[in-house]
Amino acid sequence: MLRLCNILRTFCLAFTALTFVGVTAANADEIKSVKGMLQKAVEAGDEAAFDTVLAMALATWPDKRGVILETAEGLQASWMDEEQIEEVKVAREAVVAAEAASRARGIVYYLDPALWNGQAELGAGSSTGDTDEKSLSIGLSFNRKFGPAWEHDLDLDFDFARSSGETKRQKFVTKYEAIWRPWKSAFLLNYTELELDRFSGYDYRVVENIGVGFDLISKGNHKLRLEGGPGLRFSKFKETGLNETEFLGRLSTTYDWKISDTMSLRDRASVIFASESTTLKNALQFSARLNAHLAARLSFDVQYDSAPPLGTAAWDTSTRATLVYGF
């Protein structure tokens, strides 16, 4: 009777795998689903089901063989063939050797664009009638990880808007953040921001901040990190041409929520306590993936300055609808 139950369980899992192959072959998260089925087989102590699901996955996605084998090894290596275990070992050694060879190139290792993950963001709008309004927003972002310890992020954003023949918005912001992770859930960082805003009352503002951060949540579909530390802010006033240097303290939170396989939400909030003024910022993004490279994004940014230059507003908000291309 027990043997019959095992056979039926194996058949059901195999049927599930076949159904999954037929329905979701184009799904970008197929590896996650394969891992789930393998995990169920392990929890049930059913080696036959494990072998069946693994064989089906390898036959269906031969281009992801390495990832599938590594996933299976992490769940139950003792149920795998010796040849498969050796294949995983060789693949890992090849990755290490490739990384070492890449590092040996010196400065090229850090600048090679092929090793950076990037996104290009573009949005534009136009309306006619009672008001003639045109707007343009462009964004570029780059991310690169150097092994498990180092991560670099570079963001460049430009917003431009004209209404009834007059320029209403012209703003460029670039942010660079370097993170070093010597600990499991904590890290050190360097954050630099340059802001050029024609209507802010400043020629430029530069923030330089060093600090420490903590991964408060890093499991499942939710991630939350907190970072903060001291720094300096350099400002040049547009009307007077005077320069101002302020000591500051900066706190920032970044929250990521993977709502589904195709939808995600990110909210990044920060507060700068400087000697002359306090600045609050919040950037909220909702993204919906259209295909492997293209996504639609809706963004809402708000900024508050407690002591803005004369003739400028304390609050500044912007809303953008853009298309994002990942490369």
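Which residues of the largest nonpolar core touch the most other members?

## Nonpolar core

Leu38, Phe50, Leu54, Ile68, Leu69, Ala72 and Met80 touch the most other members of the largest nonpolar core, which has 20 residues. A nonpolar core is here a set of buried Ala, Val, Leu, Ile, Met, Phe, Trp, Tyr and Cys residues joined through side-chain atoms within 4.5 Å; buried means under 20% relative accessible area, exposed over 50%, and partly exposed in between, with a 1.4 Å probe and protein chains only. At least two residues of this core come from each of α2 (30-44), α3 (47-60) and α4 (65-76). Helices (H or I, at least four residues) and strands (E, at least two) are DSSP runs, numbered from the N terminus.

When residues up to four places away in sequence are not counted, Leu69 is in contact (heavy atoms within 4.5 Å) with Leu54, Leu58, Met80, Gln84, Glu87 and Val88.

## Basis of the model

This is a predicted model, in which local features need pLDDT of at least 70 and side-chain atom pairs count only at pLDDT 80 or more, while totals for chains, interfaces and linings use all residues. Residues are numbered from 1 along each chain as its sequence is written, and side-chain values use heavy atoms, with hydrogens and water left out.

## Strand pairing

Strands β3 (residues 150-163) and β4 (residues 166-180) run antiparallel and are joined by 14 bridges; two strands pair if DSSP finds at least two bridges between them. Their hairpin has 2 residues between the strands, and Ser164 in the turn has a positive phi of about 55 degrees. His152 has Ala178 in β4 as its bridge partner.

β4 is also joined to β5 (residues 186-197) by 10 bridges, again in an antiparallel arrangement. The hairpin of β4 and β5 has 5 residues between the strands, and Lys171 stands opposite Asp197 in β5.

## Surface patch and a loop residue

A nonpolar patch on the surface, with about 990 Å² of accessible area together, includes Trp150, Trp180, Leu226 and Phe273. Patches consist of residues with over 30% relative accessible area and no salt bridge, with like charges joined within 9 Å and nonpolar side chains (Val, Leu, Ile, Met, Phe, Trp, Tyr) within 5 Å. A salt bridge is a side-chain nitrogen of Lys or Arg within 4 Å of a carboxyl oxygen of Asp or Glu. Accessible areas come from the Shrake-Rupley method with a 1.4 Å probe. Strand β6 (residues 202-219) supplies the largest share of the patch, 4 residues. Leu226 lies in strand β7 and counts as partly exposed because its relative accessibility is 31%.

Gly241 is in the loop between β7 (222-237) and β8 (243-258).
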